[in-house]
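Walk through this protein from its sheet to its core, and then on to its charged pairs. Keep the structure open while you read.

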Amino acid sequence: MKSTQHAEIHSEYGGEMDALMNELINSGPKLAHNPILRKSALAMAEHWVKNNAKKRHQSDPNHTPSGVIDDQEAMTLAILRSVERALTEFNISDATYREASEILGRDLLVEKKPRMEKAAQFREKYGFPQPSFLTISPSKVCNLRCVGCYADADASLPHLEWDVVDRIVQEAHDIWGTQFMVISGGEPLAYRSQGKGILDLAEKHQSSYFLMYTNSTLITPEVADRMANLGNVLPCISLEGWEASTDARRGKGVYQKVMDAMDLLHEKGVLFGVSLTATRQNAEEILSDEFIDFLFNEKHALLAWIFQYMPIGRSYTLDLMPTPEQRMWMWKQSWKIMREKRHFLADFWNHGTVVDGCLSGGGHGRGGYYYIEWNGNVTPCVFVPYSPVNINEIYARGGTLNDIYNEPFFDNIRRWQAECHTSNLLAPCLIRDHNSFLRDLIRKYESEPIDDNAASAIQDADYAAGLDHYAADYSALSGKVWQKYYIDGQPINDEDFHKLLDESKSEKVGA
């Protein structure tokens, strides 16, 4: 929630929400399971969400499209439902409850003054909000070799030294007030430097919360126990769908190892999510009602992230991207799941409406992020492998994370975001929906490719033409949905929607 939103909650309820939240945090999970107290807090929050959406529909000073308001309401209600599930359906460890409620509850919503003061100072200096999170891939090492890996992870040795990773997390907290860190890879649990690993990082920085993308095959009972005792690590486990799809990309037997890891985490009281990679081959599979219900209801996943295949990394190809029609179907299906089942299911490409579009380069509206990889290169996004600066070099010359923010490459991305954030938010992606603009920026600011794959892509004329063609097709299709549903506020029933997809396919065949 924005700080202004929390202020309205406080005003509307005379501080009752803060009092309830503090009581829930201070009393621990046993009292949080108290149905009267829990239902009071959740009902109060849900009432405010719905009432606020109604008020914004009637009079929104920012002239937010009606469909965007509806999306933001649905996402917030899904988050509230996830909180309710965590408290009622899961036997979470005391540490997991304590850290999640302290960091995500008290620090972000109740005792938020220090963080907001930093935010005001940062916005006054730079004109944009500070990044709301960072993604770090401290090591390229991975025990799997997945087909088309965006990071081209393997068993090689490049890694960020522990002292550097430690400093990044500390500076993000102290300078930006950022308490949310995303750890990717390689495989995060395979990272070692100076005798330390990722869980040592979480142990040292107890006031930060770590979401970790993992293949889960290194989660042993001992690792699960430690996560349960730490409480500030939320693993998100990668899948491509059912067993055949997952094993085809990740290796025979991986799916069953993932299932075992999920059962183990649930048994130990560790909250976890899933990370689903959507391709042209499996988009309908991973978003089927059957598969989503299995993950949330039978395997106890708390949340799901959808990552649409991006043509970068190992053996990149445009042929694995979901087609424009598939991508539009994913948009409709994911919101159907979110609204009807209230599962927290976030698709970074189809749900740009809830975060004002693209989050890369530090973000422009609600805060964004940077990506720092194992060689220290800083890029605007995990999927934009071009860097104007290296964190090791910044630290060597006595700089801080703020020196990243000053880079013209990133600054121009933010300014572009601010200019186009009121246009079609169904097409927010810098590398896939606006690749020609990105290519111009890369050349203008001489941002370096972080590896040979990225170097090949920027020089590949067929690759550029293919992405431009894809962007044009998708923009034409999504633009119709954007206008009808988001701007005009008209419902899109199944018949109209499938007709729209059929027309799009026919237009491409005719062309």
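The paragraphs below take the sheet, the nonpolar cores and the salt bridges in turn. The model is predicted.

Strand 4 (residues 233-239) runs parallel to strand 5 (residues 273-278), and 4 bridges join the two.

Turn next to the nonpolar side chains. In soluble globular proteins, such side chains tend to be buried together. The largest nonpolar core here has 146 residues. Which of its members touch the most others? They are L239, W331 and I391. Helix 21 (residues 461-487) supplies the largest share of this core, with 9 residues.

W331 is then in contact with N350, L426, V481, Y485, Y486, I492 and F497.

Now for the charges. The structure holds 25 salt bridges. One of them joins R56 to D60, with the closest N and O atoms 3.3 Å apart. Are these two residues buried or exposed? Both R56 and D60 are buried.

Another salt bridge pairs R226 with E203, and here the closest N and O atoms are 2.5 Å apart. This pair links distant parts of the chain. R226 sits in helix 10 (residues 221-230) and E203 in helix 9 (residues 198-204), 23 residues apart. R226 has a relative accessible area of 28%, so it counts as partly exposed. E203 is partly exposed too, at 44%.

D289 and K336 also form a salt bridge, their closest N and O atoms being 3.7 Å apart. This pair, too, links distant parts of the chain: D289 lies in helix 14 (residues 289-298), K336 in helix 15 (residues 324-341), and 47 residues separate them. D289 counts as partly exposed because its relative accessibility is 29%. K336, at 32%, is likewise partly exposed.

Finally, find R81, E84, R85 and E89. Salt bridges that share partners join these residues into one network.

How values were computed
Residues numbered from 1 in each chain as written. Predicted model: local features only at pLDDT ≥ 70, side-chain atom pairs only at ≥ 80, totals over all residues. Heavy atoms only, no water. Pairing = 2+ DSSP bridges. Core = buried A, V, L, I, M, F, W, Y, C linked by side-chain atoms within 4.5 Å. Buried < 20%, exposed > 50% of the residue type's maximum accessible area, 1.4 Å probe, protein only. Contact = heavy atoms within 4.5 Å. Salt bridge = Lys/Arg side-chain N within 4 Å of Asp/Glu carboxyl O. Lists of a residue's contacts leave out its neighbours within four places in sequence.
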